[in-house]
Amino acid sequence: MIDPITAAQVLDDAIRIQVCQKRSLEVDFLPNMVRVHLPPKRVLAESCLVPMSKMTAILSEMEQNQLIGTEQRGGMWTTPLGNRIIAGCLARKYRKEAKALLGPVVFQTLVQHLVKSVLPEQKKGKTAPHIQI
């Protein structure tokens, strides 16, 4: 039996596709947040070797768990929780490739911003689930 695909695996694949294959990383630095654009659902499904229906269910669960957000015709983006997983992927697994693509200063700045992402619940004094990166 094949193990189910986890959210962390999907985000890892997303970064691998962007940094290693496309050699491009779309990031928004907004006043109160940073978000990383994810590849299209079809591309993620092909990369993870799962049917589109399965990827749709995984991404829906990731959105419910506040790891990603979606915008109509705007694609999928990471949320503060998703950013922390992305930061871990960039810092540990794809450090060399990301530094070569972004340069060391931009790489370090991006990882720092991703790790420091704040959830709306944290601003209100509520605690958010801890994700180790």
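Visitor: How are α2 and α3 oriented to each other: roughly parallel, roughly antiparallel, oblique or roughly perpendicular?

Guide: This is a predicted model, where local features need pLDDT of at least 70, side-chain atom pairs count only at pLDDT 80 or more, and totals for chains, interfaces and linings use all residues. Residues are numbered from 1 along each chain as its sequence is written, and side-chain values use heavy atoms, with hydrogens and water left out. The axes of helix α2 (residues 41-48) and helix α3 (residues 52-64) cross at roughly 110°. α2 and α3 are therefore roughly perpendicular.

Visitor: What do those angle words and axes stand for?

Guide: Axes are lines fitted to C-alpha atoms, for helices over the stretch in contact, and angles run from 0 to 180 degrees between N-to-C directions. Under 35 degrees counts as roughly parallel, over 145 as roughly antiparallel, 65 to 115 as roughly perpendicular, and the rest as oblique.

Visitor: Which residues of α3 does α2 meet?

Guide: Contact means heavy atoms within 4.5 Å. From α2, the residues are K41, R42, L44, A45 and C48. Their partners in α3 are M52, M55, T56 and L59.

Visitor: How many nonpolar, polar and charged residues make up the contact of α2 with α3?

Guide: Ala, Val, Leu, Ile, Met, Phe, Trp, Tyr, Cys and Pro count as nonpolar, Asp, Glu, Lys and Arg as charged, and the others, Gly among them, as polar. On that basis, the contact of α2 with α3 has six nonpolar, one polar and two charged residues.

Visitor: At what angle do α1 and α3 pack?

Guide: Two packed helices are described by the angle between their axes and the distance between the axes. For helix α1 (residues 7-22) and α3, the axes are 10 Å apart. The two helices are roughly perpendicular, because their packing angle is about 105°.

Visitor: How many charged residues are in the contact of α1 with α3?

Guide: A7, V10 and L11 in α1 meet M55, I58, L59 and M62 in α3. Seven residues of this contact are nonpolar and no residue is polar. The number of charged residues is also none.

Visitor: How many salt bridges does a search of the whole structure find?

Guide: Side chains of opposite charge can pair when their charged atoms come close. A salt bridge is a side-chain nitrogen of Lys or Arg within 4 Å of a carboxyl oxygen of Asp or Glu. The search finds five.

Visitor: Which residue forms a salt bridge with E46?

Guide: The closest N and O atoms of this pair are 3.6 Å apart. The partner of E46 is R42.

Visitor: Where is L49, a residue with positive phi?

Guide: Most residues other than glycine have a negative phi, and most peptide bonds are trans. L49 has a phi of about 60°. L49 is exposed, with a relative accessible area of 77%. Its place is in the loop between α2 and α3.

Visitor: Where is Q66 found?

Guide: Q66 also has a positive phi, near 60°. Q66 is partly exposed, at 37% relative accessible area. Q66 is in the loop between α3 and β3 (68-71).

Visitor: How many disulfides does the structure hold?

Guide: A disulfide is a pair of cysteine sulfur atoms within 2.5 Å. C20 is partly exposed at 31%, and C89 is buried at 9%. The count of disulfides is zero.

Visitor: What pattern does the protein chain follow along the sequence?

Guide: Helices (H or I, at least four residues) and strands (E, at least two) are DSSP runs, numbered from the N terminus. There are seven helices and four strands. Their order is α-β-β-α-α-β-β-α-α-α-α.

Terms used
Buried means under 20% relative accessible area, exposed over 50%, partly exposed in between (1.4 Å probe, protein chains only).
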